[in-house]
Amino acid sequence: MNARNAAAAAETARRPVDSGVPDRVERLIVHLDAEHARRDRALDAAFASIGPELRAIEQELRATLRWGALYPGLTALRRKLGLAPLELPAFLILGCALVLWILAWEMIGSMLSGLVVAVAATLGGMVALRRYRLTGVQDRLETKLMRFAGRDDSQAFPYRFELLFDYPDAAPELGEMSFSNIDEPLPGGCAILLCDTLADSIAWITRGTVGWRIQVEGSAPLVPAGMPVDARFDALVARFDALRERILERNEARQALESGCLRRDALAARWADIALPADVRETLLAGLVHFAYGDAAAPRGILLKGPPGTGKSLVAQAFGDCVEATFFKCSVAELKGRHIGESAGNVRELWARAREAAPAIVFIDECEGAFPARGSDQADTFTNEVVQTFLTEWDGIGGEHRVLVIGATNRSELLDDAIVSRFTDVVELLPPQGETRRELVLAVARVVGIASPPSDEAIALFSGMSGREVRNALRQAMRLAAPAEPAVEHFREAVAKMRGKTSTRTDENACWERLVLPEPVKREFEVMTEMVRESGALQQKGIPVPRALLLYGPPGTGKTQIARTLAKEAGVAFIARSTAELKGQYLGQAASRIAQSFESARANSPAILFIDELDALTAARGSEAGDALQAEALTQLLQEMDGVRACSGLVFVVAATNRLDVIDAAVRSRFAKQIEIGIPDEAGRAELLRVLLTGRPVAEELDVATLASRTEGYSGRDLGELVATAFQRAVSRTLDAGGAAADTVLLADDFGVAPCGVERSGLCRSVGARQPAFAATGGDE
């Protein structure tokens, strides 16, 4: 285990648990550190023989060059005696000296004199061997066996050679040296470098097309001219090549072990400001850690799905920041070509770059545009080509290529099934609720520079908003409050503006005070509103949240206004759809429109989805009012409201109808709460008229109670139209009197209302018994 990994493991073991990293992920890091160290030790042990083998090759090379023509016979004798390369010359010299000493002793008769003669004879013999060039190069020369790597004429030293460097305190490594003024070697051929630093001379023994040859540069002849340099070097070359392959194998294994290492300092810091539920954070960080360590359990792909602005791109970028890996970000335009065949080439090029730079992360944003389901309306020839080629390349990763594919989409249902099946993990990112929402708002407030943390009241306003929407709303609040710090009212105004961008426009004056309902009914609506607003916190505690409300009753009684008030008071998104907007013109269109409406509502969850005139869309199956288009819409609505497909995000469906009897029974059963909104009684009409006339120029003598008694059977819409008609008469009367229209004052005579049944205003209608609930609408349904 190298020093860097040992220090990292020790630092991990003693580091306190970070708030941004779950405990299980911390334990996983410690475990993988230990596994990483074990694999590191096993790798060192597996290739421990490289160093001794390289030193043996270099010793034998020097012995070959030193003993020249005598080398073949001496080598055979050495091997027969089982001696090391340098032991044989020592034994030969000592043996010759001993024989000469004995002979001199016998001839001279003096042991000391014989020793002097033996030493002198031995030294003279060695000088003679050198003199007559029976041996090879001198001992002080540096020698290296090299392999020709290539030629680059743009460099001053164009000839590149690979050679092995042996370090005293580290494992041997493969390196390069460049030379000039050398005969063109055979591509892939070998060379022996000899260098004499004292004589400033250099020589090469290269193997070309005609075998080994000697080339000398410098003043001193480093290689004897008659020294044979033939096949005896080939065995050394074969051993050199085998050792070189082992070093390349070791380096590749080492790179696979150490590449993509986890950036521990960035892990907690980078994920601290990403507000995610605990289980989602743990899943993502576990996948990141496994990928960083190259573990067998590492995911091959992660699909991030969810509404826009929930942090999918942010999570993908956090992966790249926390792992030492190359990050490739691709868009649909970069993958799709302009003609047939170009798309496949773009995909293959992307994968080739990713494999070459491995470990690598390939991030594809809005991937539903690149990988739509083949055969669907969104697919074409180009996307089919992208999908097929991407699948082929993805399946061809193999174990040696560490490439992680991260996809992001807000329309996962459009993706090709084969693509989805390749993703190891599918993680849904939703607008945060409860404590996660609090963490998000506080984190974003720190990032945008709000000094005082928002209060709990202000944080509650951001219910159902994505991270992007929270950031934009906080910046909007800062602009509204500048130069002071934003307060609750600034946050409320900013949030209202943000919600207005994705919601159906509602009456700005809609509020409980303007809604005229019996007190028990109004209280029931207020409780529903509060539960929808705090749906996230309630669901975390297991408290069921209402999901559907059906308002039925005669036309004009304020059913639409009730839905608008619910959305305004709850502070959530409001999406209104009419029957014409949902019912298609051909089969398949209605199902798609309904699915998109619910998906849009889920993207802004919690949200209120209002469907007006529900009876026109969901007539009972088998009735005369039904047809194939209506049956398709009814089936899709049932699936969206309570189907087998599990959908996240709260959608509170509010529907209105004045023909409850024709609605399919299965649809009615989906609405657990059904409230009848009927024609108001006299007290209700009086309250409605007060709401409609408040803030308008009205004569003091106008008696609302008397007017209410004369409008029996009027709905809220009828009363609104009655007031509007009365003002028109008042303006006409004022102009006839020579006054200005702006000076108009409404009088009792301007109403001209007769008891029900007398056709004076055209607004009166005969109705049955008074209904149990009613609402002020200001003229709207």
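This is a predicted model: local features need pLDDT of at least 70, side-chain atom pairs count only at pLDDT 80 or more; totals for chains, interfaces and linings use all residues.

Residues are numbered from 1 along each chain as its sequence is written, and side-chain values use heavy atoms, with hydrogens and water left out.

Me: How many salt bridges does the count come to?

Reply: A salt bridge is defined as a side-chain nitrogen of Lys or Arg within 4 Å of a carboxyl oxygen of Asp or Glu. Under this rule the count is 14 salt bridges.

Me: Is aspartate 153 buried or exposed?

Reply: Aspartate 153 forms a salt bridge with arginine 151, with 2.6 Å between the closest N and O atoms. Buried means under 20% relative accessible area, exposed over 50%, and partly exposed in between (1.4 Å probe, protein chains only). Because its relative accessible area is 56%, aspartate 153 is exposed.

Me: Which helix holds arginine 422?

Reply: Arginine 422 and aspartate 395 form a salt bridge at 2.9 Å, N to O. Helices (H or I, at least four residues) and strands (E, at least two) are DSSP runs, numbered from the N terminus. Aspartate 395 lies in helix H13 (residues 381–395), so the pair ties together parts 27 residues apart in sequence, and arginine 422 lies in helix H14 (residues 417–422).

Me: How many residues apart in sequence are the parts that lysine 673 and glutamate 524 tie together?

Reply: The side chains of lysine 673 and glutamate 524 meet in a salt bridge of 2.2 Å, N to O. Lysine 673 lies in strand S16 (residues 673–676) and glutamate 524 in helix H19 (residues 519–533), so the parts tied together are apart in sequence by 149 residues.
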